Amino acid sequence: MHPFCCVSTVDERHTSNFSEPSAMPAAASASVVSKSDLAKSINNNYHHNHHVLNYDSGRISQRTVAPATISAEPTHRLPALREATQLLCGDQREVKINDIVGNGISGILYKWVNYGKGWRPRWFVLQDGVLSYYKIHGPDKIVVSPETEKGSRIIGEDSHRLMSRRKSVNFRPHRKPFGEVHLKVASIRESRSDDKRFSIFTGTKTLHLRAETREDRVQWMDALHAVKEMFPRMSNSELMAPVYNVVSTEKLRQRLLQEGVSEAAIQESEQIMRNEFSSLQSQLMLVKQKHVLLLDTLRQLETEKVDLENTVVDESQRQLNELGPSSRLRQDKSSEGTASESEDDNERVDAAEEETDDEDNAFFDTRDFLSSSSFKSSGSDLRTSSFSSDEDLYAFESEEDVDPSIKSVGKNFPRVKRRKRLPDPVEKEKGVSLWSMIKDNIGKDLTKVCLPVYFNEPLSSLQKCFEDLEYSYLIDRAYEWGKMGNSLMRILNVAAFAVSGYASTEGRHCKPFNPLLGETYEADYPDKGVRFFSEKVSHHPMIVACHCEGTGWKFWGDSNLKSKFWGRSIQLDPVGVLTLEFDDGEVFQWSKVTTSIYNLILGKLYCDHYGTMRIQGNRNYSCKLKFKEQSIIDRNPHQVQGIVQDRYGKTVATLFGKWDESMHYMSGDYSGKGKGTELADACLLWKRSKPPKFPTKYNLTRFAITLNELTPGLKEKLPPTDSRLRPDQRCLENGEYDLANSEKLRLEQRQRQAHKMQESGWKPRWFAKEKGSDAYRYVGGYWEARERGNWDSCPNIFGHFSSEQMSD
């Protein structure tokens with residue numbers, strides 16, 4: 001007996017008490033009678049027993065109207081009834097399948113292979129409940145001809161053309177399929193957004209298929225569903241219907257009579273036996289019901305997974321169409337499916353995506369904690385600056401015990417009116433294919449890859465350096481804390497500043513312009529109390545040096561990014577040291593962490609920063625910040641946690657937060673304690689500014705929108721090397737895409753001379769290497785030359801060269 005069969009408690013001794021139905025014809029039990037006669041006999045003999053036979057689409061189901069009146073004799077003959085009705089059911093289903101499938105289905109379908117190969121044609125054969133496919137090109141191709149496909153139904157014009165091109169053969173060669181799917185265990189789903197695509201999921205792999213036309217897909221889907229109906233899944237009512245098997249107590253009765261047991265005791269024993277079987281039946285029914293529910297859940301999960309795989313790319317494409325062609329960096333046109341099944345090609349494992357979850361126990365759920373409203377620092381006291389006008393921009397501490405000199409930091413700078421939006425584009429942006437651009441550049445240096453202007457944002461790498469100083473008020477606060485003798489609060493604010501430089505990278509998927517050799521950028525922001533200057537000092541390797549001065553402090557550094565394409569991601573490893581020096585002699589130095597941009601080809605593009613940042617101080621304290629790498633299933637990404645240690649190695653403060661949201665601190669060592677009620681006493685150090693009122697397609701912050709602005713009277717004061725005067729970058733900002741592309745190509749051709757210039761002894765104008773070091777330091781003189789308006793030493797690097805100059 002099947003473990004899920006149900007057991008009846010009907011006693012054979014009492015079957016004579018039930019009404020005796022008309023006898024079945026003898027021929028029926030012998031299985032010789034014709035199907036029509038058999039059906040008529042079944043209907044005549046069992047109608048009065050209140051059994052109704054429903055024929056619907058070749059299926060037969062039995063509905064018991066009055067179970068209490070069922071006699072034992074029909075129960076014995078239910079298997080014969082079932083066998084007879086199955087004959088009728090199978091006969092009707094076979095007619096339906098033969099009409100659609102015939103002796104088999106053959107034809108060309110396009111199968112998704114992987115990101116590199118995309119959709120490739122395969123010869124598919126549907127026969128005997130198995131869908132097999134073969135290669136039609138290359139050394140493993142099969143022979144397809146009218147003789148080999150004799151008796152099969154061919155779908156698709158491409159399939160007929162392929163057969164007509166092949167020479168006839170007099171034999172049917174042995175063909176080994178490249179892959180096959182048994183439809184009995186498969187789920188079939190149509191794409192809801194592409195009327196040519198469908199998918200087949202088996203639980204272990206997924207086939208993403210595409211027909212030549214919509215009509216071809218309809219024919220394939222009809223055939224696949226018709227074959228799959230050969231293996232129908234029973235309904236819940238059929239599965240849960242009890243099976244009335246008779247449990248005989250006759251042997252028990254005879255044995256008890258031999259022992260001389262009284263009739264009353266025998267009947268009591270029989271009743272006990274029936275009760276036990278009834279209890280067992282109830283338990284089996286419960287187990288059976290749970291089993292059915294589990295199977296249904298698993299099947300639902302299967303179909304939902306296939307449907308998700310079918311629609312994820314279409315949804316990404318829809319979002320791309322809404323955002324505009326500049327977002328083509330997110331997805332290549334040919335990447336229309338997933339690579340969940342790719343036996344044709346083994347894809348390279350992205351080394352940049354390997355998880356390194358060391359020190360994972362040091363991180364707790366920042367999301368839950370940051371939602372707490374019980375911080376000491378509520379951040380309600382906000383800075384008013386030229387970037388916010390009537391809106392608040394930066395969050396400050398609001399503790400009552402904070403010194404007034406600290407609370408007023410950053411509030412007393414003069415006000416400068418700056419723009420809040422980019423110019424409206426002149427032209428409509430065109431689309432480009434990313435994969436066609438980068439497939440030949442995998443493993444190469446990103447700075448050497450020439451991409452169209454559509455992949456750029458209207459900022460240069462020199463201007464991006466200044467973005468790190470968006471929250472320069474943190475350094476101003478650190479300076480004030482140091483003046484008050486609080487070195488711990490100074491390094492805490494320096495650490496928050498080091499983290500805040502990454503906030504502007506969230507959602508920024510476009511590449512900044514690579515500066516020309518000798519290109520410069522200045523930023524005189526009295527409304528922030530800073531003056532910033534940067535210059536490209538080397539072409540190969542590409543090095544950018546910067547210098548910034550604020551109230552009581554100086555900040556400088558140089559940056560060399562080592563970048564690599566890994567097919568689906570870009571990895572950026574920074575090389576260089578950033579230095580912050582206060583007027584009282586205290587110095588802090590640190591290096592940036594690794595940055596990777598993922599899902600270049602398929603899926604949602606995102607960037608992540610990970611690694612350990614060490615801020616070394618020359619006095620009492622140092623700080624270590626751990627940027628946690630985001631995993632595939634991480635639902636709380638961008639976490640940062642750090643500690644501040646004194647000169648003896650004792651942890652005196654703990655920092656935590658997210659690099660795209662905020663940073664908090666607590667006094668003492670809480671790095672290994674995780675979430676807890678004591679974390680509600682944390683204090684706010686920094687909070688990300690609000691997004692711009694007029695968003696851009698480049699996801700620029702309100703601060704970044706101002707970086708390339710030419711304020712009134714500024715153009716006349718700038719040197720000819722300033723990034724604001726770069727024509728391709730200016731054209732991109734204005735939405736003149738064709739002109740921007742042509743200008744970018746012209747400047748890149750000119751830039752090829754930079755290597756020769758560097759070898760010939762070219763030196764940067766405003767920076768020089770420190771003695772005994774490869775680091776660059778500002779030599780001074782820029783702001784003085786600006787004051788005089790004397791730029792004789794600055795060439796017009798963006799101007800036009802004659803053909804003779806280019807050849808030289």
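Which loop holds Pro 541? Pro 541 lies in the loop between β16 (530–538) and β17 (543–550).

The model is predicted, so local features need pLDDT of at least 70, side-chain atom pairs count only at pLDDT 80 or more, and totals for chains, interfaces and linings use all residues. Residues are numbered from 1 along each chain as its sequence is written, and side-chain values use heavy atoms, with hydrogens and water left out.

**View 1. The cis peptide bond at Pro 541.** His 540 and Pro 541 are joined by a cis peptide bond with omega of about 0°. Strands are DSSP runs of E with at least two residues, and helices are runs of H or I with at least four, numbered from the N terminus. The chain has 20 helices and 30 strands.

**View 2. Positive phi at His 638.** Phi of this non-glycine residue is near 70°. His 638 is in the loop between β24 (621–627) and β25 (639–646). The relative accessible area of His 638 is 8%, which means buried (under 20%; exposed is over 50%, partly exposed in between; 1.4 Å probe, protein chains only).

**View 3. Positive phi at Asn 699.** Asn 699 has phi near 60° and belongs to the loop between β28 (683–687) and α15 (702–705). Asn 699 is partly exposed, at 35% relative accessibility.

**View 4. Arginine charges over tyrosine rings.** The charged end of Arg 418 sits over the ring of Tyr 525, 3.7 Å from its centre; that of Arg 210 sits over the ring of Tyr 110 at 5.5 Å. The rule requires NZ of Lys or CZ of Arg within 6 Å of the ring centre and within 35 degrees of the ring normal.
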